[in-house]
Amino acid sequence: MSYINPVNCADRPAGAFLAPQEAGQTKKIGDVILDVRNISLRFGGVKALTDISFDVREHEVRSIIGPNGAGKSSMLNCINGVYAQQEGSITFRGRTFKHMNSRAVAEMGIARTFQNLALFKGMSVIENIMTGRNLFMKSNLLLQALRLGPAGREEVRHREFVEHIVDFLEIQQHRSTPVGQLPYGLQKRVDLGRALAMEPKMLLLDEPMAGMNVEEKQDMCRFILDINDEFGTTVVLIEHDMGVVMDISDRVVVLDYGKKIGDGTPDEVRNNEDVINAYLGNSH
Ligand SMILES: Nc1ncnc2c1ncn2[C@@H]1O[C@H](COP(=O)(O)OP(=O)(O)OP(=O)(O)O)[C@@H](O)[C@H]1O
């Protein structure tokens, strides 16, 4: 539940998180890949989400912003099957569902990182990222444990894939370190690696930069943009740091008290009166 006051980021110039060649670069945005229609979610008397609709296009970086308790994490939880909304539907890659369990959602190509890290602290970096490959493991648990026959060959293939991710995220020197011994910023990177191991079409990132210093945020921004660019992965991002959001997003949806109050490009959103009043303040 960390919150970085957006006003604190106002003194950072636009594009501060991007390499010069990245700032202002144009990219090809595709068709709608995720369509969220009229989602309402209640917990007893608490209306977490009220009639929320928005879409995400293939290859976009789409951010969801808003004050604490606005419903951002609840929205991601509906998309990836952790919560079942009372009303509304979700269409992903042409397939419409009201609710699906998290494994089915993962099999469809949606992976998620968590605000509060969901890692095995006593296990190494490699082993944690390997858990993201479970989806693809065909052999049974006993064979996997004994690493026998096809299970052994399967494991070698998955480990090679995981090693590529470790290289990509530049955490080679920590590959055998128990995750609990790593600084927080690197743990967030491992969490991203676990999600990448699922080879997602779409990545849901819940505050991937919370608790990071500026340098760690720059690294994380670079990885997100590289994933988006090199693998074509669509990214849905919850982030409180407005410098980051405005720099790396193609479009932004704004929630407040469970309702949508803004939706558009970073420029449209930062000039939206309702968004300024509810969240951004006058510094944007
Ligand atoms: N499992 C739950 N049980 C009861 N209420 C919940 C649950 N999950 C979320 N809520 C409530 O729903 C509302 C939206 O919460 P949510 O965590 O989605 O907001 P958020 O925008 O992600 O906030 P933050 O920026 O602080 O993470 C809040 O009032 C919260 O207390």
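Here are my notes, starting with the ground rules.

**Ground rules**

I number residues from 1 along each chain, as its sequence is written. The model is predicted, so I keep in mind that local features need pLDDT of at least 70 and side-chain atom pairs count only at pLDDT 80 or more, while totals for chains, interfaces and linings use all residues.

**The whole protein**

I began with the inventory: the protein has ten helices and ten strands. Helices (H or I, at least four residues) and strands (E, at least two) are DSSP runs, numbered from the N terminus. Next I checked burial, where a residue is buried if 20 or more other C-beta atoms, placed from the backbone, lie within 10 Å of its own, exposed if 12 or fewer, and partly exposed in between. Of the 284 residues, 39% count as buried. Then came contacts, meaning pairs of residues whose C-beta atoms, placed from the backbone, lie within 7 Å. Among contacts between residues at least 6 apart in sequence, 70% join residues at least 24 apart.

**The six-stranded sheet**

In what order do the strands of the open sheet of six strands lie? I read off E6-E7-E8-E3-E9-E10, with mixed pairing. Strands pair if DSSP finds at least two bridges between them. E6 (110-113) and E10 (259-264) are the edge strands, each pairing on one side only. From one strand to the next, the twist averages 15°. For angles, axes are lines fitted to C-alpha atoms, for helices over the stretch in contact, and the angles run from 0 to 180 degrees between N-to-C directions.

I zoomed in on E6. It pairs with E7 (residues 202-206) in the parallel sense over four bridges. Arginine 112 has leucine 204 of E7 as its bridge partner, and threonine 113 stands opposite leucine 205 in E7. Ile110 and Arg112 point one way from E6, Ala111 and Thr113 point the other way, and all are buried.

I also found helix H1 (residues 72-79) lying across E3 (61-65), E6, E7, E8 (234-238) and E9 (251-256). H1 runs at about 150° to E7.

**The four-stranded sheet**

The other open sheet I looked up has four strands in the order E2-E1-E4-E5, with antiparallel pairing. Its edge strands are E2 and E5 (95-97), which each pair on one side only. Here the twist averages 15° from one strand to the next. I followed E1 (residues 32-43) to E4 (residues 87-92): five bridges join the two, and they run antiparallel. Serine 40 has glutamate 87 in E4 as its bridge partner.

**Around the ligand**

How many residues surround the ligand? I got twelve, the closest being Phe43, Ala48, Asn68, Ser73 and Ser74. A residue is near a molecule if its C-beta atom, placed from the backbone, lies within 6 Å of it. E2 (46-57) and H1 each supply at least two residues of this shell, and H1 gives the most, with three. The shell divides into five nonpolar, six polar and one charged. In this sorting, Ala, Val, Leu, Ile, Met, Phe, Trp, Tyr, Cys and Pro count as nonpolar, Asp, Glu, Lys and Arg as charged, and the others, Gly among them, as polar.

H6 (residues 184-196) has 13 residues and reaches 18 Å from its first C-alpha to its last, close to the 18 Å expected at 1.5 Å a residue. The expected span is 1.5 Å times one less than the number of residues. H6 is mostly covered, with ten of its 13 residues buried; Gln187 and Leu196 are among them.

In H7 (residues 214-230) I picked leucine 225. Why is leucine 225 counted as buried? It is because leucine 225 has 20 C-beta neighbours inside 10 Å.

Glutamate 170 sits in the loop between H5 (149-168) and H6. Its phi is near 55°, a positive value in a residue other than glycine. Glutamate 170 counts as partly exposed because it has 13 C-beta neighbours inside 10 Å.

Tyrosine 257, in the loop between E9 and E10, has a phi near 45°, also positive in a residue other than glycine. With 15 C-beta neighbours inside 10 Å, tyrosine 257 counts as partly exposed.

My last stop was phenylalanine 136, in the loop between H3 (125-130) and H4 (141-146). Phenylalanine 136 and methionine 198 are 62 residues apart in sequence and 8.1 Å apart in space, C-alpha to C-alpha.

Key. Contact = placed C-beta atoms within 7 Å.
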